[in-house]
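Colleague: Please take one part of this model and describe it closely, giving the cut-off for each term as you use it.

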Amino acid sequence: MDNTTFIYLDNAATTYPKPGGCMQRALERYLEIGASPSRGGYDLAREAEIAVSEVRDRLRRFFGADKDYPLCFGGNATDALNTLIQGLTEPGDHVVSTCLEHNSVLRPLNHLRAQGRIEFDLAGFDANGFVGPNDIAALIRPQTRMVIINHASNVLGTVQPVAAIGEICRNAGIPLILDVSQSAGAIPIDMKAWHVSGLAFTGHKSLLGPTGIGGLIIHPDLPIRSIRFGGTGIDSANLFHTQAFPYRLEAGTLNLLGILALGESLSYLYELETQGYRMKEMALTEQLRDGLLKIDGIDLYAAKSLENHIPLITCNVRGYVAADVGAILDGDFNIAVRTGLHCAPLVHERIGTSLNGAIRFSLGVFNNQAHIDAAISAMSMIARNT
Ligand SMILES: Cc1ncc(COP(=O)(O)O)c(C=O)c1O
């Protein structure tokens, strides 16, 4: 791949490139201490366990959780969301969610409903891509077991008013579960201040880690069941899965290399923060939005204001199917974007793009002015059909 001309604007799918130094340091540490964490009383296994535990602590701090909030690792946000949804609901329960959800929430909910286990209701969103806290409140019933919402839409980029929704949930005594797949790393998150009872994260997006590592953080009093059972390295005589955290929600050997890499990328993010990376990303996003707005024949979705927004712009070129624009951007301009339905079909239903999909430009910490200028120029040529 010729990285000098290649422009990557699909960071909401996964960030690319990864900070190479972080991966290198993680690999070196893994080669040094790569025993099985919490399995074995020898020094190396203990060192691996300590390294894992340090990353748990750092992630808790990063998300504004107290030290006693269990942090359980898994493969990604999908894995964590399945654990939260299936581990918290009982037959007869009701769940409140939104039409902004990714399939990693919609599908577990639909499967559980098809099995006759739960009912759920979804709140809509307004023309600017925001869910109203009162719309959530209106859906809560006596049987509602949890409210689960997507913090930042992977299609529209809008950031939901979590603090207000958290307040409603706290007053109603219902746990609020937050999917921070798109927001983690892109904007600050404060789990405790927002009364979030469960949070699902994935390591490979704006947290800048590798694929295959993610997890969840929960309030220590959240009554959650294990949904997978197996080895944990502790309580081995017990023929049932241990109830101690974090093991209750972890089964099998952890992804030590992924955890170490995530720890390294967190350090890198703190370093970037001192250089104001979030402001820089949003400034570039604003330039992209303004540039696209000036082009005749381009429709933008939910980008009128970029307040409460992650660095992501979704649009369409009139007269084109989104996938065709993506193919031209790739083939003629060497620009990578995401097209199609972005695993969030209900958003597309509501913005009228179910048939043709939409084109998503999503920025990351390695994008620069030249990338944005090239994207605007390419889109202008496509819209003018030149
Ligand atoms: C909002 C949202 N939730 C969940 C996910 C699932 O993340 P993962 O594929 O890492 O499990 C994504 C991925 O695109 C997402 O955008």
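**Around the ligand**

Modeller: A polar side-chain atom of Lys205 is placed 2.6 Å from an oxygen atom of the ligand. The model is a predicted one, in which local features need pLDDT of at least 70 and side-chain atom pairs count only at pLDDT 80 or more, while totals for chains, interfaces and linings use all residues. Residues are numbered from 1 along each chain as its sequence is written, and side-chain values rest on heavy atoms, with hydrogens and water left out. Thr202 likewise has a polar side-chain atom 2.6 Å from a ligand oxygen, and for Asn76 the distance from a polar side-chain atom to an oxygen atom of the ligand is 3.4 Å. Of the 390 Å² of accessible area that the ligand has on its own, the protein covers 88% (Shrake-Rupley method, 1.4 Å probe; for residues, only the protein chains shown count as cover).

The shell around the ligand holds 13 residues, of which Thr78, Asp179, Thr202, His204 and Lys205 come nearest; a residue is near if one of its heavy atoms lies within 4 Å of the molecule. By class, this shell has one nonpolar, 10 polar and two charged residues, where Ala, Val, Leu, Ile, Met, Phe, Trp, Tyr, Cys and Pro count as nonpolar, Asp, Glu, Lys and Arg as charged, and the others, Gly among them, as polar.

Note on methods
A polar contact is a pair of N or O atoms within 3.5 Å; within protein, one must be able to donate a hydrogen and the other to accept it, and residues adjacent in sequence count only if both atoms are side-chain atoms.
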